[in-house]
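Here's a quick tour of one model, going from a chain overview to a single residue and then to an interface. Have the sequence and coordinates open as you read.

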Amino acid sequence: MRVNRWRAALAVNGRGILDSGRPVLVLILLGILLAMVTALFMTYDLKGSLDFALELRGRKVGGMLLVGFAVAYAAVLLHTITNNRILTPSLMGFDALFVLIQTGAAFLFGTLAFLAIDVRLRFGIEVVIMLAFAAILYRLLFGGENRDLFLLVLAGIITGTVFSSLTALIMRVLDPNEFLTLQDLLFANFSTVNRDLLLVSAAAVVVIIVATRPLLGQLDAVAIGREHAINLGVNHRAVVRQCLVAIAVLVSVSTALVGPVAFLGLLVSNMAYQLTGTFRHRYTPAAAGMIAAIALIGGQFLLQEVFASVVRLSVIISFIGGIYFILLLLREAGR
Amino acid sequence: MIELSGVTKRYGPNTVVNSVSLTVPGGGVTALVGPNGAGKSSLLSMIGRLLPMDEGEIRVDGLDVSRTAGDVLAKKLSILRQENQVAVRLTVKELVEFGRFPHSRGRLTAEDGRHVEEAIDFLELAEFSGRPIDRLSGGQRQRAFIAMVLCQDTDYVLLDEPLNNLDMRHASQTMGLIRRLATELNKTIVIVLHDINFASYHADRVVAMKDGAIVADGTPREIITGLSMAEIFDLEVPVHSYADRPVAAYFAIGSRRLHGQD
């Protein structure tokens with residue numbers, strides 16, 4: 001809302017100049033807001049050992065920043081390669097698979113054995129399986145002559161449901177003690193972010209951001225449609241393949257850190273498109289990432305300090321995101 | 001020069017393009033005509049590497065279209081398909097600017113800007129240049145897409161029924177512009193045309209397709225005759241002469257007036 005007011009105030013003088021600079025302006029304002037929220041979260045009502053509190057809060061903030069950027073970037077990439085703005089990686093079954101991998105492993109080897117594996121190794125194996133899933137999705141997307149989007153979405157929803165049902169089945173036959181340990185692992189919230197996992201995740205996100213940087217210009221062309229992109233000289237298949245790999249890794253990061261956050265990506269990416277008023281990938285992933293981080297850190301702060309509530313942040317995000325999703329569907333239908 | 005040899009495309013049991021071989025030398029307007037489902041669009045899409053072929057080979061200036069890097073081809077050849085949906089909201093100017101993508105990779109130079117201006121002026125789009133393309137009429141939108149292709153500034157331009165959705169004035173103007181691209185800028189145009197009379201007046205060469213194969217190939221005067229029209233379209237069409245070019249009076253068929261039985 002603050003951003004809106006700023007925009008309204010600035011729009012008075014010289015609309016043309018402001019319009020071309022609008023995405024930059026939005027990025028700057030989001031950056032300031034993010035810095036403020038982070039500072040507030042880190043310093044509010046500090047008690048006891050300063051070192052301990054700052055380290056604990058720093059870890060939380062780090063986790064939320066990572067999750068925010070990972071979720072937002074994955075959503076923007078998926079939107080671009082499918083030319084559809086109401087899909088999310090979670091709708092396509094990505095995070096359901098991640099949960100299934102963890103549950104399946106716990107069932108087969110026992111949670112203790114599973115937890116005994118080095119976090120980095122465990123995360124590596126999980127990412128490899130996720131990449132295999134991305135490869136199958138890629139075949140679905142570009143294997144046959146029929147690259148029907150609806151077919152793909154349907155396939156994604158069905159596989160997602162299958163993954164969730166399998167997870168539910170395994171959980172039911174699991175030993176109750178094992179189940180409790182597993183649940184702790186799966187629905188780890190921001191207060192219990194593992195330090196090693198945080199470092200691995202940060203490395204993964206940085207690698208993805210650096211590796212996809214040269215793609216951003218081409219993604220603008222991909223966004224206007226496959227045939228136009230090919231005509232303009234973009235190697236469409238290669239770009240889509242690289243994006244799916246990036247999405248698989250990013251979803252692994254966010255799901256490993258905090259479990260599924262269903263609608264967050266959809267919410268923040270669409271807000272980013274609206275606020276920046278552009279689809280250019282020089283701006284949208286960064287804007288979406290910052291909105292996600294602001295929402296997570298700000299939301300966590302409000303829950304923790306103001307409402308002292310026991311409700312999990314992911315529940316609230318799903319609630320708001322679900323409503324927003326329905327609104328988007330209605331708007332698309334109305335067009 | 002565009003060279004096709006043994007190009008075949010199948011969809012399951014249906015062969016839509018059946019071992020087509022064709023050579024289009026540089027320059028001039030070559031019109032692809034034929035009934036619906038003859039395989040014209042598929043053939044054009046394969047030349048423009050939008051559609052992979054099952055058999056055969058296509059070379060543009062010696063470059064194999066299925067092997068050459070996309071960005072190299074994009075400076076040599078551009079293609080505009082019939083249905084042009086754009087997934088994101090773009091203004092006319094932004095769309096036309098995309099035509100410079102193969103040259104500038106998204107960072108527009110002053111020269112790119114000049115190309116964009118020219119293309120927009122050429123297609124009389126200046127007054128709409130700031131308008132989102134989803135708020136244009138069908139004809140305006142079509143012209144915006146042609147401007148984008150024009151901006152791409154390639155030696156070879158492939159157009160799939162670019163006159164669709166255009167009224168009389170814009171259709172004739174656009175066709176005139178396409179003719180000028182060939183005559184004045186020495187571009188090689190391959191164009192799928194529905195209206196045989198546009199092909200008659202503006203094309204140097206007419207290639208007729210039927211059931212996935214080329215059934216006639218020659219100058220408009222050779223191809224547009226009552227006899228070959230009957231063969232290509234399964235329709236008896238009276239062919240007249242206007243301005244020294246054949247005119248097919250297909251629009252009158254089906255009315256009894258033609259035969260004086262009014």
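Of the 335 residues in chain A, 43% count as buried, where buried means that 20 or more other C-beta atoms, placed from the backbone, lie within 10 Å of the residue's own. This is a predicted model, where local features need pLDDT of at least 70, side-chain atom pairs count only at pLDDT 80 or more, and totals for chains, interfaces and linings use all residues. Residues are numbered from 1 along each chain as its sequence is written, with chains lettered from A and ligands numbered from 1 in the order in which they are written.

Chain A has 15 helices and zero strands; helices are DSSP runs of H or I with at least four residues, strands are runs of E with at least two, and both are numbered from the N terminus. Take its contacts with a separation of 6 or more: 80% of them link residues 24 or more positions apart. A contact here means C-beta atoms, placed from the backbone, within 7 Å.

Now zoom in on Leu77(A), which sits in helix H3 (residues 50–82) of chain A. Why does Leu77(A) count as buried? Because it has 29 C-beta neighbours inside 10 Å. Leaving out residues up to four places away in sequence, Leu77(A) touches Cys243(A), Ala246(A) and Ile247(A). Its C-alpha is also 8.3 Å from that of Pro285(A), 208 residues apart along the chain.

On to the interface, with 21 residues from chain B and 16 residues from chain A. These elements of chain B each give two or more residues to the side that touches chain A:

| Element | Residues |
|---|---|
| helix H2(B) | 70–73 |
| strand S6(B) | 77–80 |
| helix H4(B) | 101–104 |

H2(B) supplies the largest share of that side, three residues.

Key: Contact = placed C-beta atoms within 7 Å. Buried ≥ 20, exposed ≤ 12 C-beta atoms within 10 Å, placed from the backbone.
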